[in-house]
Amino acid sequence: MQGRSPQPSMELNRLLLLTSFLLHVKEDRASPTRLVCDNRLIQKYIVEAKDMEKRVGQCQALPALRCPAVLPLVDFTFLQWKAKSNETKRREILCDLALLVGAAAGAQGQVSDECGARQLSQLYRHANSFFLLLQSFSWEAGHWEPSCSPHSTEQTHISSIFLTYRQLVQGKLRFFFSDLAKVLCKQGQGDSRDPPCGAR
(Lines give C-alpha, C1' and ligand atoms only; values in the text may rest on other atoms or scores of the structure.)
Protein backbone atom coordinates (compact mmCIF):
# COMPACT_ATOMS: atom_id res chain seq x y z
CA MET A 1 0.00 0.00 0.00
CA GLN A 2 2.94 2.33 -0.42
CA GLY A 3 1.35 3.81 -3.53
CA ARG A 4 2.80 6.82 -5.25
CA SER A 5 -0.44 8.77 -5.48
CA PRO A 6 0.14 11.26 -2.58
CA GLN A 7 3.56 12.24 -3.96
CA PRO A 8 2.52 14.26 -7.06
CA SER A 9 -0.13 16.04 -5.03
CA MET A 10 2.37 16.96 -2.30
CA GLU A 11 4.93 18.13 -4.88
CA LEU A 12 2.29 20.25 -6.65
CA ASN A 13 1.33 21.76 -3.30
CA ARG A 14 4.93 22.74 -2.57
CA LEU A 15 5.37 24.15 -6.05
CA LEU A 16 2.30 26.34 -5.62
CA LEU A 17 3.54 27.58 -2.24
CA LEU A 18 6.97 28.38 -3.67
CA THR A 19 5.47 30.16 -6.69
CA SER A 20 3.19 32.20 -4.44
CA PHE A 21 6.13 33.31 -2.26
CA LEU A 22 8.35 34.18 -5.23
CA LEU A 23 5.56 36.27 -6.76
CA HIS A 24 5.25 38.11 -3.47
CA VAL A 25 9.00 38.82 -3.42
CA LYS A 26 9.02 39.96 -7.08
CA GLU A 27 6.23 42.37 -6.29
CA ASP A 28 8.73 44.39 -4.32
CA ARG A 29 12.31 43.92 -5.51
CA ALA A 30 13.81 45.55 -2.41
CA SER A 31 11.62 43.46 -0.14
CA PRO A 32 14.42 42.29 2.23
CA THR A 33 15.01 45.92 3.26
CA ARG A 34 11.31 46.72 3.54
CA LEU A 35 10.62 43.55 5.49
CA VAL A 36 13.39 44.40 7.95
CA CYS A 37 12.52 48.09 8.26
CA ASP A 38 8.82 47.58 8.95
CA ASN A 39 8.92 45.84 12.32
CA ARG A 40 5.15 45.31 12.19
CA LEU A 41 5.82 42.36 9.91
CA ILE A 42 7.97 40.35 12.32
CA GLN A 43 5.40 41.09 15.05
CA LYS A 44 2.73 39.71 12.71
CA TYR A 45 4.73 36.50 12.24
CA ILE A 46 5.23 36.15 16.00
CA VAL A 47 1.46 36.42 16.54
CA GLU A 48 0.84 33.86 13.77
CA ALA A 49 3.41 31.48 15.28
CA LYS A 50 1.64 31.71 18.65
CA ASP A 51 -1.74 31.16 16.98
CA MET A 52 -0.50 28.06 15.13
CA GLU A 53 0.93 26.64 18.36
CA LYS A 54 -2.37 27.28 20.13
CA ARG A 55 -4.48 25.81 17.31
CA VAL A 56 -2.47 22.60 17.02
CA GLY A 57 -2.93 22.18 20.78
CA GLN A 58 -6.69 22.27 20.19
CA CYS A 59 -6.60 19.45 17.62
CA GLN A 60 -7.92 16.07 18.75
CA ALA A 61 -5.20 14.02 20.48
CA LEU A 62 -2.52 13.76 17.80
CA PRO A 63 -0.53 10.52 17.70
CA ALA A 64 3.19 10.46 18.39
CA LEU A 65 5.33 10.58 15.26
CA ARG A 66 6.57 7.16 14.13
CA CYS A 67 9.75 8.78 12.81
CA PRO A 68 10.93 11.43 15.29
CA ALA A 69 11.27 15.00 14.04
CA VAL A 70 14.82 16.34 14.14
CA LEU A 71 14.51 19.87 15.54
CA PRO A 72 17.10 22.60 16.09
CA LEU A 73 17.91 23.77 19.59
CA VAL A 74 17.14 27.47 19.23
CA ASP A 75 17.92 28.71 22.75
CA PHE A 76 20.69 31.31 22.94
CA THR A 77 22.19 33.81 25.32
CA PHE A 78 21.89 37.46 24.39
CA LEU A 79 25.59 38.19 24.93
CA GLN A 80 26.71 35.32 22.69
CA TRP A 81 24.24 36.40 20.03
CA LYS A 82 25.40 40.03 20.06
CA ALA A 83 29.03 38.93 19.61
CA LYS A 84 28.27 37.23 16.27
CA SER A 85 28.39 38.93 12.86
CA ASN A 86 25.14 39.33 10.92
CA GLU A 87 26.39 36.83 8.36
CA THR A 88 27.03 34.22 11.09
CA LYS A 89 23.57 34.88 12.53
CA ARG A 90 21.98 34.54 9.09
CA ARG A 91 23.66 31.20 8.41
CA GLU A 92 22.79 29.90 11.87
CA ILE A 93 19.11 30.76 11.40
CA LEU A 94 19.14 29.19 7.93
CA CYS A 95 20.43 25.95 9.47
CA ASP A 96 17.63 26.07 12.08
CA LEU A 97 15.01 26.76 9.41
CA ALA A 98 16.30 23.94 7.20
CA LEU A 99 15.71 21.48 10.05
CA LEU A 100 12.28 22.95 10.79
CA VAL A 101 11.18 22.77 7.15
CA GLY A 102 12.35 19.14 6.99
CA ALA A 103 10.61 18.30 10.27
CA ALA A 104 7.31 19.83 9.14
CA ALA A 105 7.48 18.04 5.78
CA GLY A 106 8.29 14.73 7.46
CA ALA A 107 5.49 15.12 9.99
CA GLN A 108 2.98 15.95 7.25
CA GLY A 109 3.53 12.50 5.78
CA GLN A 110 2.70 10.89 9.13
CA VAL A 111 -0.39 12.87 10.15
CA SER A 112 -3.78 11.97 8.73
CA ASP A 113 -5.79 14.18 11.09
CA GLU A 114 -7.11 17.15 9.08
CA CYS A 115 -6.61 19.67 11.89
CA GLY A 116 -2.98 18.69 12.51
CA ALA A 117 -2.18 18.43 8.80
CA ARG A 118 -3.59 21.92 8.15
CA GLN A 119 -1.44 23.50 10.87
CA LEU A 120 1.67 21.62 9.72
CA SER A 121 1.07 22.84 6.17
CA GLN A 122 0.87 26.43 7.38
CA LEU A 123 4.02 26.07 9.49
CA TYR A 124 5.87 24.52 6.54
CA ARG A 125 4.84 27.46 4.34
CA HIS A 126 5.94 30.09 6.85
CA ALA A 127 9.25 28.43 7.75
CA ASN A 128 10.06 27.89 4.07
CA SER A 129 9.23 31.52 3.28
CA PHE A 130 11.69 32.70 5.91
CA PHE A 131 14.26 30.24 4.58
CA LEU A 132 13.92 31.63 1.03
CA LEU A 133 13.91 35.20 2.31
CA LEU A 134 17.16 34.86 4.25
CA GLN A 135 18.82 33.36 1.19
CA SER A 136 17.70 36.36 -0.90
CA PHE A 137 19.59 39.09 0.96
CA SER A 138 21.55 40.63 -1.92
CA TRP A 139 24.03 42.42 0.36
CA GLU A 140 25.47 39.10 1.52
CA ALA A 141 28.54 37.68 -0.18
CA GLY A 142 28.17 34.04 -1.09
CA HIS A 143 25.20 31.88 -0.30
CA TRP A 144 24.07 29.39 2.30
CA GLU A 145 25.54 25.93 2.02
CA PRO A 146 23.68 22.88 3.36
CA SER A 147 26.75 21.58 5.20
CA CYS A 148 25.99 23.19 8.56
CA SER A 149 25.29 21.00 11.56
CA PRO A 150 23.18 22.88 14.12
CA HIS A 151 22.62 21.48 17.60
CA SER A 152 19.51 19.34 17.36
CA THR A 153 17.17 17.08 19.26
CA GLU A 154 14.66 14.38 18.28
CA GLN A 155 11.02 14.79 19.28
CA THR A 156 7.97 12.60 18.70
CA HIS A 157 5.39 15.18 19.78
CA ILE A 158 4.02 17.28 16.92
CA SER A 159 3.53 20.22 19.28
CA SER A 160 7.34 20.39 19.69
CA ILE A 161 7.69 21.48 16.05
CA PHE A 162 5.36 24.44 16.65
CA LEU A 163 7.06 25.34 19.94
CA THR A 164 10.48 25.37 18.26
CA TYR A 165 9.22 27.49 15.36
CA ARG A 166 7.61 30.01 17.71
CA GLN A 167 10.80 30.23 19.81
CA LEU A 168 12.90 30.76 16.67
CA VAL A 169 10.68 33.54 15.30
CA GLN A 170 10.28 35.21 18.70
CA GLY A 171 13.99 34.88 19.49
CA LYS A 172 16.76 34.67 16.88
CA LEU A 173 14.72 35.97 13.94
CA ARG A 174 13.30 38.95 15.82
CA PHE A 175 16.75 39.97 17.11
CA PHE A 176 18.32 39.37 13.68
CA PHE A 177 15.77 41.64 11.98
CA SER A 178 16.36 44.24 14.69
CA ASP A 179 20.14 44.10 14.11
CA LEU A 180 19.70 44.43 10.35
CA ALA A 181 17.34 47.38 10.76
CA LYS A 182 20.17 49.37 12.39
CA VAL A 183 22.20 48.89 9.21
CA LEU A 184 19.59 48.89 6.44
CA CYS A 185 17.05 51.45 7.62
CA LYS A 186 19.29 54.50 8.01
CA GLN A 187 18.17 56.04 4.73
CA GLY A 188 14.74 56.83 6.16
CA GLN A 189 13.15 53.63 4.85
CA GLY A 190 12.25 52.72 8.39
CA ASP A 191 9.78 55.62 8.48
CA SER A 192 7.82 54.20 5.57
CA ARG A 193 4.28 53.42 6.56
CA ASP A 194 3.58 51.23 3.53
CA PRO A 195 1.43 48.23 4.36
CA PRO A 196 3.54 45.23 5.46
CA CYS A 197 4.65 43.21 2.44
CA GLY A 198 3.35 40.02 4.02
CA ALA A 199 -0.14 41.36 4.66
CA ARG A 200 -2.77 39.11 3.20
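Predicted model: local features only at pLDDT ≥ 70, side-chain atom pairs only at ≥ 80, totals over all residues.
Figure 1. The mean pLDDT of the protein is 77, and 69% of its residues reach 70 or more. Residues are numbered from 1 along each chain as its sequence is written, and side-chain values use heavy atoms, with hydrogens and water left out.

**Figure 2. Order of the elements.** Seven helices and two strands make up the secondary structure of the protein; helices (H or I, at least four residues) and strands (E, at least two) are DSSP runs, numbered from the N terminus. The order from the N terminus on is α-α-α-β-α-α-α-β-α. Of the contacts between residues at least 6 apart in sequence, 90% join residues at least 24 apart. Of the 200 residues, 39% count as buried (under 20% relative accessible area; exposed is over 50%, partly exposed in between; 1.4 Å probe, protein chains only).

**Figure 3. Packing of helices H5 and H6.** Helix H5 (residues 86-108) packs on helix H6 (residues 114-135) at an angle of about 155°, with their axes 9 Å apart. Axes are lines fitted to C-alpha atoms, for helices over the stretch in contact, and angles run from 0 to 180 degrees between N-to-C directions. The two helices are therefore roughly antiparallel, a term for angles over 145 degrees, with under 35 counting as roughly parallel, 65 to 115 as roughly perpendicular and the rest as oblique. Residues of H5 in the contact include Arg90, Ile93, Leu94 and Leu97, and those of H6 include Leu120, Tyr124, Phe131 and Leu134. By class, the contact has 16 nonpolar, four polar and one charged residues. Ala, Val, Leu, Ile, Met, Phe, Trp, Tyr, Cys and Pro count as nonpolar, Asp, Glu, Lys and Arg as charged, and the others, Gly among them, as polar.

**Figure 4. Surroundings of isoleucine 93.** Isoleucine 93 lies in helix H5 and counts as buried, at 0% relative accessibility. Beyond four places in sequence, isoleucine 93 touches Trp81, Leu134, Lys172, Leu173 and Phe176. Isoleucine 93 and proline 72, 21 residues apart in sequence, have their C-alpha atoms 9.6 Å apart.

**Figure 5. Packing of helices H3 and H7.** Helix H3 (residues 40-57) and H7 pack at about 170°, and their axes are 9 Å apart. This arrangement makes H3 roughly antiparallel to H7. The residues of H3 that meet H7 include Ile42, Tyr45, Ile46 and Lys50, and their partners in H7 include Phe162, Arg166, Val169 and Leu173. The contact divides into 13 nonpolar, two polar and four charged residues.

Figure 6. Serine 160 belongs to helix H7 (residues 158-184) and is buried, with 12% relative accessibility. Leu71 and Gln155 are touched by serine 160, residues up to four places away in sequence not being counted. Lysine 182, also found in helix H7, is partly exposed, with a relative accessible area of 49%. The C-alpha atoms of lysine 182 and valine 36 are separated by 9.5 Å, although these residues are 146 residues apart along the chain.

Technical notes:
Contact = heavy atoms within 4.5 Å. pLDDT = per-residue confidence, 0-100.
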